[in-house]
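Here's a quick tour of how this fold packs together. Have the sequence and the 3D view open as you read.

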Amino acid sequence: MFKAHVHEILEMIHASDKAYSVAELQEAVISHFSEDTVFNSCSINDMSAAQAIEFLVQRGKFVPQQSGSPCCGGCGG
């Protein structure tokens, strides 16, 4: 099992300069980190990729796009 911080998902998003749907991001996260990776935040530990993405959505850190839609510019900050 590997551990990563949820901020590493945000760094991956920013580095890719791509708009993701939730499903696309989950696939990219698993591909980038591995299916065995668990994610931690300052307040929650041992989240799956899906849980970490939901955590980011709930906190407004990640705004999912519809699959295939261009980025609206809101994912840069």
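## A strand covered on both sides

Let's start with β2, where both faces are covered: Thr 37 and Phe 39 are buried on one side, and Val 38 and Asn 40 are buried on the other. Keep in mind that this is a predicted model.

Across from Val 38 in β2 you'll find Lys 3.

## The two sides of α1

Which residues of helix α1 are buried? They are Val 6, Ile 9, Leu 10, Met 12 and Ile 13, in a helix that spans residues 6–16. Looking down the axis of α1, these buried residues fall within an arc of 155 degrees, so they line one face of the helix.

Just past the end of α1, Asp 17 has a positive phi of about 55 degrees.

## The nonpolar core

The largest nonpolar core has 19 residues, and Ile 9, Leu 25, Val 29 and Phe 39 touch the most other members. α1, α2 and α3 are the elements that give two or more residues to this core.

Take Leu 25 as an example. Setting aside neighbours within four places in sequence, Leu 25 is in contact with Ile 9, Met 12, Ile 13, Tyr 20, Ile 53 and Phe 62.

Definitions and conventions:
Residues numbered from 1 in each chain as written. Predicted model: local features only at pLDDT ≥ 70, side-chain atom pairs only at ≥ 80, totals over all residues. Heavy atoms only, no water. Buried < 20%, exposed > 50% of the residue type's maximum accessible area, 1.4 Å probe, protein only. Helix = DSSP H or I, 4+ residues; strand = E, 2+ residues; numbered from the N terminus. Arc of directions from axis to C-beta. Pairing = 2+ DSSP bridges. Core = buried A, V, L, I, M, F, W, Y, C linked by side-chain atoms within 4.5 Å. Contact = heavy atoms within 4.5 Å.
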